[in-house]
Amino acid sequence: MKPIKQFFPVCLFGLLLLLASCKKWLDVNPTTQVKEGVQFSSKQGYTDALFGIYQNAAKTSGYGRNLTFGLLDILAQRYENKTLSTSLYYKLAHYNYKDADVKALTDAVFTNVYGSVAQANYILKNIDNSGSVLDETSRSIIKGEALGMRGFLHFDLARLFSERYADGANAGTTSIAYMKEFTVKPQTRLSLGAVLDLCEADLKAAEVLLSVNQSIDQISGNQGSTSADLFLQFRQNHLNYWAVKATLARLYLFKGDKVNALKYASDVINSQKFSFVVPSALNVDATALTSDLTFSSEHVFSIYVSGLKVVADDVFKNTTPTGEVSDLWSTRTKLDAMFQASLVGYGTDIRRPGASKNLWSEVTTAIVYTKKYWSDNASNVKQRIIPVIRLAELYYIAAECAPTMDEGIGYLNTVRVNRLIPALAVPATREAFENEILLEYRKEFYAEGQLWFYFKRKNMVNIPDGAANPMVKDNYIFPLPDAELEFGTSGN
């Protein structure tokens with residue numbers, strides 16, 4: 001088979017120019033065009049271009065909805081609105097990727113992520129010629145983040161639009177193009193193994209570059225800052241040094257390389273840069289300045305979304321018992337089952353509905369919304385961020401990759417105890433141990449998108465509460481956009 005080539009839409013250049021002149025990290029108001037020479041004539045120009053990567057990724061077509069609490073969690077069967085056959089949510093829950101509305105959504109993901117990749121390449125095209133414009137530390141950080149994001153973004157594209165790696169069995173299957181240049185020239189689609197190798201190379205290079213700045217400043221500590229230079233602030237909202245290591249842990253786990261996955265997960269855990277929330281200190285009042293419903297101290301990498309309130313209110317708030325087609329909710333019965341509320345010692349789980357500090361809005365027992373993204377205090381930055389990598393995931397990776405179940409259960413129990421549920425004894429079988437990890441993924445990452453990636457990696461045939469069980473391979477693979485197939489082919 002001849003290789004299929006990547007179609008890189010010309011319209012992305014308009015996006016790049018729009019993003020290239022961000023004036024500040026929070027609540028950006030970009031201008032429409034900046035000439036390349038002017039853009040990179042100052043440090044601020046480089047940092048503005050860097051912030052543009054994250055600003056584009058924060059759109060609803062990216063991590064601001066589709067790749068976190070929206071599309072991916074609908075596919076993972078998190079919500080209840082999947083009975084009306086004409087609705088978009090029903091079509092998504094049944095993996096009807098040929099439907100025009102569904103295709104529009106997956107196409108938008110493809111375009112958004114490649115747009116962010118292009119912005120990274122825009123920086124990388126110029127960074128080595130920055131001369132005296134940048135000091136060495138700034139150059140290393142900007143180049144490291146751009147390379148790291150390029151690897152991070154391609155990895156997510158591969159996880160979405162390709163087959164699972166299956167311990168190398170699918171390494172030779174055709175995947176996506178790896179865009180290493182700022183260009184509209186079509187690029188050959190590569191094998192999944194080759195794409196992952198390039199992701200790894202970019203992330204490893206980023207790890208070296210970003211090692212010049214390993215500090216993490218907590219989001220809560222920066223809230224209200226009036227500093228004009230935000231370059232080294234809000235590091236959790238950048239693909240920082242530790243976030244690169246966490247992404248490498250994800251990538252190695254996806255490849256089945258448990259030795260390296262454990263190494264990188266342990267690096268993040270042992271850094272002690274991130275800490276589990278203290279339940280007694282948790283504030284879940286979304287109107288309060290100190291509310292922290294996403295557990296920001298645990299964020300290894302999160303995306304700042306200035307307009308999150310509008311999006312979240314639309315899908316996670318309703319005051320009537322009927323719900324709406326656009327809403328995303330679950331039922332108390334299903335949530336109680338997910339959190340194993342009937343088991344002794346599990347009723348105190350800080351993540352479950354009915355906890356003393358409730359993270360949920362219970363309209364009725366049949367309609368329960370997460371409050372995770374409620375943002376009812378305009379000054380509370382912590383409620384305008386969406387977690388992309390959290391500390392708990394590194395413990396789950398370490399648990400799965402530990403050489404023995406005795407060691408693995410220790411990692412799993414660290415999260416459980418911090419969530420106020422009992423520690424487990426070592427399970428009798430590996431299957432039982434893996435099931436406990438699955439249960440924790442379901443409890444921990446509600447409305448964050450990570451459960452879908454877990455299901456795909458494990459090739460789960462029967463998804464909990466699945467509307468389309470048994471699952472088949474094609475349910476786990478997003479179709480390439482028609483434009484990609486029409487304009488990017490090499491003849492076959």
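## Cysteines

Cys 199 has a relative accessibility of 0% and therefore counts as buried (under 20% relative accessible area, with exposed over 50% and partly exposed in between, for a 1.4 Å probe and protein chains only). Cys 401, at 5%, is likewise buried. Across the whole structure the search returns 0 disulfides (pairs of cysteine sulfur atoms within 2.5 Å).

## Model and confidence

This is a predicted model, in which local features need pLDDT of at least 70 and side-chain atom pairs count only at pLDDT 80 or more, while totals for chains, interfaces and linings use all residues. Residues are numbered from 1 along each chain as its sequence is written, and side-chain values use heavy atoms, without hydrogens and water.

The average pLDDT (the predictor's confidence in each residue, from 0 to 100) is 89 for the chain, and 89% of the residues score at least 70. Residues 1–33 fall below 50, yet this stretch has 102 contacts in the model beyond near neighbours in sequence (contact: heavy atoms within 4.5 Å). Where pLDDT is low, the predicted coordinates should not be read in detail.

## Arg 352

Arg 352 lies in the loop between helix 13 (332–338) and strand 5 (360–364) (DSSP runs numbered from the N terminus: helices H or I of at least four residues, strands E of at least two). With 9% relative accessibility, Arg 352 is buried.

Beyond four places in sequence, the contacts of Arg 352 include Arg 332, Phe 339, Tyr 346 and Trp 360. Its C-alpha is 8.1 Å from that of Ala 341, 11 residues away along the chain.
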